[in-house]
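Please read the points below alongside the sequence and the coordinates.

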Amino acid sequence: MIQNDYLTVAKRTIKMESEAVALLEQRIGNEFTEACKLIINCSGRVIVTGMGKSGHIGRKIAATFASTGTPAFFVHPGEASHGDIGMITKKDVVLALSNSGTTAEVVTLLPQIKRLGVPLICMTGDQISTLARAAEVHLDVRVNSEACPLGLAPTTSTTVTLVMGDALAIALLEARGFTAEDFAFSHPGGALGQKLLLKVRDIMHSGENLPRVNINQPLKEALLEMSKKGFGMTTVVKDTGKLFGVFTDGDLRRAINEDKNVKSILLSEVTKSGCKSIHQDALAAEALKIIEDLKITTLVIENSDHEPVGILHLHDILKAGVV
């Protein structure tokens, strides 16, 4: 094969699989709704099972369910026949995958599933297969042909099955009102967990590290505070302790350019009212967006009484892994 041949095969494969997914959309109907109802009303877990390539797809579907609010795990049908069937309880729902609908290892589990009285949902490519006839709900994932030119390697069929699983997971996610924070609790590790769970208060500079001066103090006091805290700025508060604004290096340069007497002038004469701030309970990811949008390096953190309680620097967010 030459390079163009490889590209031709690749494009043909992609086209065949995308067309199969498009046809799947047309078959979504009442059975899909019934499957969702069975799962949403389940007080146990979704037990996903499948053999061979269907098993690999089943593991992915179970993992997607579990991370989006639907408790689920995968049980290998071969192992289930040798004791792992005990992992299935009467409160569960079984989701069985088999393109043919006659996979021996899966069909063997049917008597035990029926004895437990566990609802069975199946995804097959044959509506009159053994699995389809035994299931409370059958989801049709048939395809016209596999992308494999021999018609042997599961390709198009596994793609369509995976898409059906994703459709179930997302439908259930929305039905449960699953939130980004819920998702984060299932993904506490790495950048994703940091982005979704980390709050501003967890990484801000607060207490003695917070630069803070009163609006009625001399400008020189602000300079001392800025030098001491090292942020190139300071929060400016009213007599009540509420946030008035900020004084920055840029404000100092403007005061000097305007021939202000920086040794005697009061902050009230050179500080503008108002500044961008964020609540201490906000997500760090929200703070990062504000910093990026405004092209600033520091952000004032306030409490519910509009009092400054911290300072957040861009480097603090990057160091925490919120990118």
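1. How many residues apart in helix H13 are arginine 254 and aspartate 251? They are 3 residues apart, and so about one helical turn separates them, helices being DSSP runs (H or I) of at least four residues and strands runs (E) of at least two, each numbered from the N terminus. The two form a salt bridge whose closest N and O atoms are 2.7 Å apart, the term requiring a side-chain nitrogen of Lys or Arg within 4 Å of a carboxyl oxygen of Asp or Glu. Aspartate 251 is buried at 17% relative accessible area, whereas arginine 254 is partly exposed at 47%; buried means under 20%, exposed over 50% and partly exposed in between, with a 1.4 Å probe and protein chains only.

2. Please keep in mind that this is a predicted model, in which local features need pLDDT of at least 70 and side-chain atom pairs count only at pLDDT 80 or more, while totals for chains, interfaces and linings use all residues. Residues are numbered from 1 along each chain as its sequence is written, and side-chain values use heavy atoms, with hydrogens and water left out.

3. The whole structure holds 10 salt bridges. One of them joins aspartate 166 and lysine 60 at 3.4 Å, N to O; because aspartate 166 lies in helix H8 and lysine 60 in helix H3, the pair ties together parts 106 residues apart in sequence.

4. S1 runs parallel to strand S2, joined by 3 bridges, and pairs in the parallel sense with strand S3 over 5 bridges, where pairing requires at least two DSSP bridges. Isoleucine 47 has phenylalanine 73 as its bridge partner in S2 and stands opposite valine 94 in S3.

5. The search finds 1 cavity of 30 Å³ or more, and the largest cavity has a volume of about 40 Å³; a cavity is a set of points on a 1 Å grid over the protein atoms alone where a 1.4 Å probe fits but cannot get out, and lining residues have an atom within 4 Å of a point. Its lining includes Ile47, Thr49 and Val94.

How values were computed. 1 Å grid on protein atoms, 1.4 Å probe; cavity = no way out; pocket = protein on both sides within 12 Å on 5 of 7 lines; lining within 4 Å. Points joined across faces, edges and corners; volume = space filled by probe spheres on them.
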